[in-house]
Amino acid sequence: MTRKTQIITLMASALLVSAMLSSVVHAQSASGVSAAKAAGIVGEQADGYLGFKGAPTAAVKSEVDAINIKRRAAYTSTAAARGVTVKEAAAAVGCQTLASRVTEGQAYALTDGAWHLKTAAPITLPAYCAQ
Amino acid sequence: MTRVTYLLSAVLALPLTGCVTLAAPEKPIEINLNINIKQEVIVKLQKDAQDIITNNPELFPK
């Protein structure tokens with residue numbers, strides 16, 4: 001093995017380790033939000049964003065805030081492409097998250113901002129949602 | 001001449017007999033167009049909304 005090969009191998013393994021570490025951190029933060037959702041602290045809102053029913057840890061709060069910023073960016077680009085408001089694009093996603101992505105025991109908020117716990121029964125969606 | 005005058009006054013008086021009195025309703029009429037317009041927009045955005053969710057799984061944790 002030449003010295004050059006050794007250096008390249010070392011650099012490659014360093015990259016691999018850092019990639020693995022970052023994916024672990026990422027998985028941890030995502031599962032933090034998932035755990036908070038399962039605990040009914042964080043939940044989906046009819047407005048298309050995540051919200052807090054209870055008091056989150058600082059780590060969960062910053063992760064939720066980051067998700068909401070990215071969601072808003074996605075809603076903004078869809079709104080621009082379709083000629084609708086960001087609020088409407090967000091509400092369209094909110095309809096779908098409430099309709100199919102809230103599981104039993106998780107919290108969710110309707111348009112009035114009131115929090116509910118999902119039961120076995122389907123969520124009564126806002127009137128504007130396509131049923 | 002008098003005949004024409006009679007006829008003219010009869011024609012002129014005609015609209016007066018056909019008067020319909022309109023009374024303002026006691027309650028204000030509420031037409032909520034907001035809901036319908038919004039639903040139309042939401043229906044139009046259904047596929048886009050689904051795409052946002054499936055294309056960004058990290059933004060929609062279980």
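Predicted model: local features only at pLDDT ≥ 70, side-chain atom pairs only at ≥ 80, totals over all residues.
Me: The expected span of a helix is 1.5 Å times one less than its number of residues. What makes the length of helix 2 of chain A agree with that rule?

Reply: Helix 2 of chain A runs over residues 58-82, which is 25 residues. The rule therefore expects a span of 36 Å. The end C-alpha atoms lie 36 Å apart, so expectation and model agree. Just after this helix, A:Gly83 has a positive phi of about 70°.

Me: How far is A:Lys61 from A:Gly32, in sequence and in space?

Reply: They stand 29 residues apart in sequence. In space, their C-alpha atoms are 9.7 Å apart. On contacts in chain A with a separation of 6 or more, 49% join residues 24 or more positions apart.

Me: How do you know that strand 1 and strand 3 of chain A pair?

Reply: At least two bridges are needed between two strands. Strand 1 (residues 42-45) and strand 3 (residues 107-109) of chain A have three, in the parallel sense. Three meets the cut-off of two, so they pair. One bridge links A:Glu44 with A:Tyr108 in strand 3 of chain A.

Me: What makes strand 2 and strand 4 of chain A edge strands?

Reply: Start with the order of the four strands: 2-1-3-4, in an open sheet of mixed pairing. Strand 2 (50-52) and strand 4 (115-117) of chain A each pair on one side only. From one strand to the next, the twist averages 40°.

Me: How many residues does each chain bring to the contact, and which helices of chain B take part?

Reply: Chain A brings 24 residues and chain B brings 19. On the chain B side, helix 2 (33-44) and helix 3 (46-55) of chain B each supply at least two residues. That side holds 11 nonpolar, four polar and four charged residues.

Me: How confident is the predictor in chain B and in the complex?

Reply: The pLDDT scale runs from 0 to 100. Chain B averages 78, and 60% of the residues score at least 70. Among its elements, helix 3 of chain B has the highest mean pLDDT, 97. Helix 1 of chain B (residues 2-17) has the lowest, 61. The complex gets an ipTM of 0.76 and a pTM of 0.68.

Key: Residues numbered from 1 in each chain as written. Chains lettered and ligands numbered in written order. Axes fitted to C-alpha atoms, helices over the stretch in contact; angles between N-to-C directions. Contact = placed C-beta atoms within 7 Å. Nonpolar A, V, L, I, M, F, W, Y, C, P; charged D, E, K, R; others polar.
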